[in-house]
Amino acid sequence: MSRAGSHPSWGRIPVSAPARVVRPVTGRSPLPLPDDRPMLAYGNGRSYGDVVVNNDGTLIDTRSLDHFLAFDTDTGVLECEPSVLLADILRLAVPQGWFVPVTPGTQYVTVAGSIANDVHGKNHHVAGTFGRHVLDFDLASSDGTTRTCSPRDNVDLFAATVGGLGLTGLITRVRLQLKRVGGAFMDVDTHRFDNLRAFFELSTESEARYEYTVAWVDCSATGSKLGRGWFMRANHRPAMGQPNAAGPKPGPNFALTPPFSLMNPATLTPLNTLYFHRKRQRHFRAAQHYQPYFYPLDGIRNWNRAYGPAGFYQYQCVVPPGDAEASITELLGRIGASGQGSFLSVLKVFGDVPSPGMLSFPRPGTTLALDFPNRGESTRRLLDSLDEVVMAAGGAVYPAKDARMSAAAFQQYFPRWREFAGYVDPRFSSDFWLRVTGDTA
């Protein structure tokens with residue numbers, strides 16, 4: 001067995017070693033299973049931490065449940081099985097003038113996974129989370145029943161399942177409302193900014209005029225340059241004047257895992273500096289295909305292998321708007337002082353559109369997402385230190401990207417966790433859930 005184990009998470013921490021993997025061939029009646037091990041669904045494995053890990057339990061590999069069931073090209077209502085990828089939807093829908101209403105930073109996530117983690121995107125300030133655009137879904141329980149859940153039917157179970165980390169049962173069918181667009185291209189406006197204050201000024205200026213906003217931050221910068229980076233804002237391009245709709249060609253592939261992390265102290269500062277100075281212009285505009293704008297990392301296949309056999313920790317937090325600048329300054333300062341920078345550092349301001357799930361992560365404030373090579377205890381100490389800042393600010397850390405937060409931290413971040421626990425299917429569990437509840441829920 002490789003270090004990542006069977007059916008690993010994207011960060012490959014911890015090792016995944018399920019006792020059994022089953023692959024249902026139909027979504028009509030996949031449960032119950034003929035043993036008493038705890039169960040957990042596994043889609044395309046793009047969650048970073050242990051929300052998809054069920055060691056010594058049963059993993060339900062749903063990748064074969066990937067069929068479209070219906071698509072109304074007049075209304076944009078799509079019906080599909082749980083493991084249809086967002087990439088599959090985009091290939092079908094964009095040529096017909098429709099787009100996914102909310103998308104994370106990869107198109108290779110399943111629809112059910114997008115619900116279970118209530119994913120968010122660059123347009124949170126306008127559209128909220130993925131769960132807000134789900135019309136209904138069918139949820140199979142371990143007792144053999146299947147319920148249709150929506151904002152009108154089985155409302156509490158709907159709220160528990162959206163953002164519920166796959167613990168309430170197995171999603172077998174989804175209806176989703178897509179959004180109308182002019183085509184495959186975006187109007188992208190890019191600005192280089194010199195410090196954190198400039199980021200917040202650009203973000204405030206952009207919210208009313210741009211549907212999508214996001215920034216890359218140089219985590220190696222310190223002093224007056226702390227928080228410098230590139231701000232990228234965009235809208236869908238109108239139907240008239242669309243360039244050729246062909247997407248970019250497949251990029252390079254990490255076919256093998258290198259023996260050590262290519263992201264290390266010797267490479268991170270030069271990489272950050274080079275990226276910050278990648279263009280002479282401080283401001284430029286361009287028509288850009290949606291793929292490189294929304295999914296820049298998808299252009300490098302198996303990029304997670306660049307972190308070597310030890311894997312990496314993803315850390316994404318949100319801090320409230322009242323003292324967001326001070327909190328992000330403290331977070332970046334601690335990262336810089338640790339010598340454990342991140343190249344994949346993303347900064348974004350969430351809006352006040354309410355999330356529908358009991359355990360949904362997005363809330364008003366500023367969110368910072370980073371990747372850290374796994375250097376063992378020193379990395380975990382750094383992340384615990386970042387938790388101190390987030391907890392003091394009254395923020396939260398994203399479970400879908402976590403592999404190490406404490407039970408105390410989780411329970412502070414998500415005060416409705418005990419209410420949610422009442423909707424957890426008694427046969428479903430994960431390493432994450434056991435860790436953050438102490439198996440007491």
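**Pocket and strands**

Tutor: By class, nine nonpolar, five polar and four charged residues make up the lining of the second largest pocket. Here Ala, Val, Leu, Ile, Met, Phe, Trp, Tyr, Cys and Pro count as nonpolar, Asp, Glu, Lys and Arg as charged, and the others, Gly among them, as polar. This is a predicted model, where local features need pLDDT of at least 70, side-chain atom pairs count only at pLDDT 80 or more, and totals for chains, interfaces and linings use all residues. Residues are numbered from 1 along each chain as its sequence is written, and side-chain values use heavy atoms, with hydrogens and water left out.

Student: Which residues lie nearest the centre of that second largest pocket?

Tutor: Tyr108, Pro250, Gly251, Asp298 and Gly299, out of 18 lining residues. A pocket is an open set of points on a 1 Å grid over the protein atoms alone, where a 1.4 Å probe fits, with protein on both sides within 12 Å along at least five of seven lines; lining residues have an atom within 4 Å of a point.

Student: And what volume does the second largest pocket have?

Tutor: About 340 Å³, taken as the space filled by probe spheres set on the points, with grid points joined across faces, edges and corners.

Student: OK, strands. What's the order in the open sheet of three?

Tutor: S1-S3-S2, with parallel pairing. S1 (20-22) and S2 (39-42) each have a single partner strand, so one side of each is left without a neighbour in the sheet. Strands are DSSP runs (E, at least two residues), numbered from the N terminus, and two pair if DSSP finds at least two bridges between them.

Student: How many bridges join S2 to S3?

Tutor: Four, with S3 covering residues 58-61. Met39 has Thr58 as its bridge partner in S3.

Student: Where's Ser64, then?

Tutor: In the loop between S3 and S4. Ser64 touches Pro24, Val25 and Glu81, leaving aside residues up to four places away in sequence; contact means heavy atoms within 4.5 Å.

Student: What do S4 and S5 form?

Tutor: A hairpin with four residues between the strands, and Gly76 in the turn has a positive phi of about 80°. S4 (residues 68-72) and S5 (residues 77-80) run antiparallel, joined by four bridges, and Phe68 stands opposite Cys80.
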